[in-house]
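Subject: The structure I promised you

Hi,

Here is the structure I said I would pass on. Have a look at it first, and then read on for what I found.

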Amino acid sequence: MDLNYGIYARSNPDIIKELGRRFKNYRLNSNITQKELSEQSGVSLITIRQFENGHSTNITMANFLALLRSVKCLENVNELMPEIPISGYVMEKIIKNKPKRASHAK
C-alpha cells in the first residue's frame, strides 16, 4: 500500500497502522526481536506489539522517535518535515546587509 496515494483521504489511525506495518519490516530487517527493541528503546513490549499489528493507533511521538532511533532510522524524520527553504526575497535582504569588509572596534 502506497502511503502517499490519497493520503488526505485516509484517517490518522489508518496512516498509523501503515507506519506500524512498515516499522515491523524495518525491525525485522535490523534482525531485532520485539523484546530486544523494547529494552533498547524503553518502549513497552505491549506498545510495540500493538503498533506493529495495527492495534495501537495512538502511539506517542516520543515512543515513535525512540523506536526509529533503535532501528537506526531517526534521520528519516528530516524527510517527514523538511526545512522550508529561504525565500529569494529574504536571501536578497541577507546578502544586501552582509558586511563588505571587516572593521575593528574602536
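One definition before we start: two residues are in contact when they have heavy atoms within 4.5 Å of each other. Please also keep in mind that this is a predicted model.

Let's begin with helix 3, which covers residues 45-52. Its buried residues are Thr 47, Ile 48, Phe 51 and Glu 52. Looking down the axis of helix 3, you'll see these residues fall within an arc of 120 degrees, so they line one face of the helix. What do they pack against? Their partners are helix 1 (12-29), helix 2 (34-41) and helix 4 (61-70). After helix 3 comes Gly 54, with a positive phi near 80 degrees.

Next, the largest nonpolar core. It has 14 residues, and those with the most contacts inside it are Phe 23, Leu 37, Phe 51, Leu 67 and Val 71. Helix 1, helix 3 and helix 4 are the elements that give two or more residues to this core. Helix 4 gives the most, with four residues.

Is Gln 34 buried or exposed? Buried means under 20% relative accessible area, and Gln 34 has 17%, so it counts as buried. Its side chain makes a polar contact of 2.7 Å with the side chain of Glu 52, one of the buried residues of helix 3. A polar contact of 3.3 Å also joins the side chains of Gln 34 and Arg 49. Beyond its neighbours within four places in sequence, the contacts of Gln 34 are Arg 27, Leu 45, Ile 48, Arg 49 and Glu 52.

Most residues other than glycine have a negative phi. Asn 31 is not a glycine, yet its phi is positive, about 60 degrees. You'll find Asn 31 in the loop between helix 1 and helix 2, and it is exposed, at 66% relative accessibility. Lys 72 also has a positive phi, near 60 degrees. Lys 72 sits in the loop between helix 4 and helix 5 (77-80), and is exposed with a relative accessible area of 65%.

Over to you!

Definitions and conventions:
Residues are numbered from 1 along each chain as its sequence is written. This is a predicted model: local features need pLDDT of at least 70, side-chain atom pairs count only at pLDDT 80 or more; totals for chains, interfaces and linings use all residues. Side-chain values use heavy atoms; hydrogens and water are left out. Buried means under 20% relative accessible area, exposed over 50%, partly exposed in between (1.4 Å probe, protein chains only). The arc is that of the directions from the helix axis to the C-beta atoms. A polar contact is a pair of N or O atoms within 3.5 Å; within protein, one must be able to donate a hydrogen and the other to accept it, and residues adjacent in sequence count only if both atoms are side-chain atoms. A nonpolar core is a set of buried Ala, Val, Leu, Ile, Met, Phe, Trp, Tyr and Cys residues joined through side-chain atoms within 4.5 Å.
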